[in-house]
Amino acid sequence: MNRLEVKHLKKYYTSQKAVDDISFSLAPGSIFGLLGPNGAGKTTLLRMITGIFFPDEGEIIFDGKKFDPDNDVAYIGYMPEEKGLYKKMKIGDQAIYLAQLKGLSKATAIERVKHWFVKFEMQSWWNKKVEDLSKGMQQKLQFVTTVLNNPRLIILDEPFSGLDPVNTNLIKDEIYALAKNGSSIIFSTHRMEQVEEICDHIILVNKGQKILDGTVNGVQQQFKENMFAIGIDNIPEAINTPAFEIINSKDHQLILKIHEGYKPNDVLHYFLQQQVGINSFHEILPSLSEIFIKLVEGTPLTRQFQTVTA
Amino acid sequence: MNKILLVIQREYLVRVKKKSFLYTTILVPIIIIGFYAAIIAIGVSGGADKNKIAVLDQANLFNGNIEKAKGDVSEYVFITGQSSETLKDTYKKMGYDYFLFIPPMDVTKNTGTIQLFSQSPIAVNQKSKVERTINSAIEQKRLQSANISREQYRSIKSDISIENKIKNGKEEKKSVAGVASGVAFACGMLIYVIMLIYGTMVMRGVMEEKISRIAEVMVSSVKPFQLMMGKIIGIGAVGLTQFAIWIALIIGLQFLLPLFIPSFDPSALPQPGQVPGMAGNSVMSTMLTGLQSVPWGLITFCFIFYFIGGYLLYASLFAAVGSVVSEDQSEAQQMVFPVMMPIILGFVIMTKAISEPNSPLVIFGSLFPLTSPVVMMGRIMYNVPVSQLILSMVLLVLGFLFFAWLTAKIYRTGILMYGKKVTWKEMIRWGFRKN
């Protein structure tokens, strides 16, 4: 059973189709990347999944049942892109308050907050106010408040913005741990290298529509251009073969593209024939950011307003 | 429901625990009492202002023996054998504060000009005391020459004031027009101030949530309507708490005041609008009967009803405004103006209600939900027909429900909208949008 199934979700505003027929599903324990340029409709989509907005059309199935925002929000943790906390409120009180709003009893809330504060070495913050914290510290606190209710679905919108590498790793490890314990995670960001590293599955949305869906590796395979890198002792003066062409050469490394109908073995065979010493040979898969740019490029960067007839 | 309670609790506790709450709650009554005490202190010490007055009594008005008027504590010293011309220049050097010159005249026939010389303009209070002392001496002389005793004179003299009795059904009671309108005005004024102060507090609370970007986190756990109502009710409770503390402190301090100021006597309290010193016991007792004639039960009930109703209605409007403005403070000023207008209009109509409680404009104002909390309080003392009162209350409740429904939708959209200036047209469209 999937943790979340989104079926033909639509949300039209007066001036644009924010989400236009998006479907996807999310297995328990998976980390799911939601990608898309600015204004693609990601936030609207996430707001529908968190029950903030009602979809105009389509269906959301949460844990096998029709999504019921009133009750199901207790099992969802949402860290929006626009992050914020009550500046003048004490940090401990604030964390407890937010946990209680998710339906936790006061005693459980206190216990969980203490547990996480110890884990993240934040005990000394308890009686401080949010305004006393740096941006990175606030981010950490925000993450803790998001996961206090042990949510089955965690939605993280740009969770690492403003974090140093140490804290980024700290939170990354927690994300892995939460996924391992069965929470499903939707991870929305523009940082493609993080998506490549963390996510199992991604979808790419643009102009309100899903334009790509698959595993990270599957997507890379789908968009690969038969590029290989080969490390050799010395570059031959002239390379003349129908099997591949040289894209780039640098010191002792060549980047080459294998032509249709040829195999990597043909490349190795060619160099072996030339009696060139081979040090390394590997395939270059396109990075997600290249795929992203390729797919999104050509469409207007910012969404144009349009008249919607729905 | 449980969540709305949590929100109320937070909004309430966060404000009540603030130091500024403590300061305003404790300081305001202290300032009021201090002001009060200062007035009393001035009133009490004013009587003790002893002046030494040199008297040149050439008309032999006093026969060398002054019978001072009530409250006149000046010391009169008769000077003989000096001309007024020299005394005019020398009285100060001789240690007197003023010089009273009564030129020769027959006081039983006419009064010439009596002069009181001073270095600087004399206080009205002081002048009237001296005048009363002289008047009573002249009266005495005239009575003597007409061969009328003081007792006879008193029995002739007429000094009436009309008593306004209200006959309404079975009950008959005294009314004092000034007191009634004073209490009504105070109540209307209070509601006006409450709606403005606590309404803007709600607006700032909503803006804080929006600006600090916590709104989206919040609405992923609670419904926007719960968040909005929780805030409104929480802040309303802060207001009620503050009032309760103020009333308790004011009552408490008034009991304590006589201990600190031994000469304090509540009946010596000068009332506003009265010249100090003129406050006779009769005025005081009229005030008291006037206060007794006020239908306190009705006033208290209406005050609480219109306070809660008016506050809830305006707080939801202020919340809607707070939800649509972004960081810009001046934008908030601009947007809040249309909300303030009906409150101010209500206040203007209320001042008219004091003088013309049954004019069509006032009746309309006391029924229209946006102005009724203020206007009806100003009218309440003047026997508002029960039907109108009930209609006004029903309309207020309906008005609140309507605006809560409307503003909740504006709030829901506005609170998640960043960096865009929202126009009134858009707000209204959000408000009436389906779903």
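**Strand β13 and its partners in chain A**

In chain A, A:Phe228 has A:Leu256 of strand β13 as its bridge partner. Good morning. The model is predicted, so local features need pLDDT of at least 70 and side-chain atom pairs count only at pLDDT 80 or more, while totals for chains, interfaces and linings use all residues. Residues are numbered from 1 along each chain as its sequence is written, and chains are lettered from A and ligands numbered from 1 in the order in which they are written.

Let me begin with the pairing. Strands here are DSSP runs of E with at least two residues, and helices are runs of H or I with at least four, numbered from the N terminus. Two strands pair if DSSP finds at least two bridges between them. Strand β11 (residues 227–232) of chain A pairs with β13 (residues 253–258) of chain A in the antiparallel sense, over five bridges. Strand β12 (residues 244–250) of chain A is also antiparallel to β13(A), with six bridges.

What lies between β12(A) and β13(A)? Two residues separate them in a hairpin, and A:Asp251 in the turn has a positive phi of about 45°. A:Lys250 stands opposite A:Gln253 in β13(A).

I turn now to the whole chain. Chain A contains 10 helices and 14 strands. Its C-alpha trace spans about 75 × 55 × 35 Å along the principal axes. Of its 310 residues, 35% count as buried, that is, with 20 or more other C-beta atoms within 10 Å of their own, the C-beta atoms being placed from the backbone.

Terms used. A residue is buried if 20 or more other C-beta atoms lie within 10 Å of its own, exposed if 12 or fewer, and partly exposed in between; C-beta atoms are placed from the backbone.
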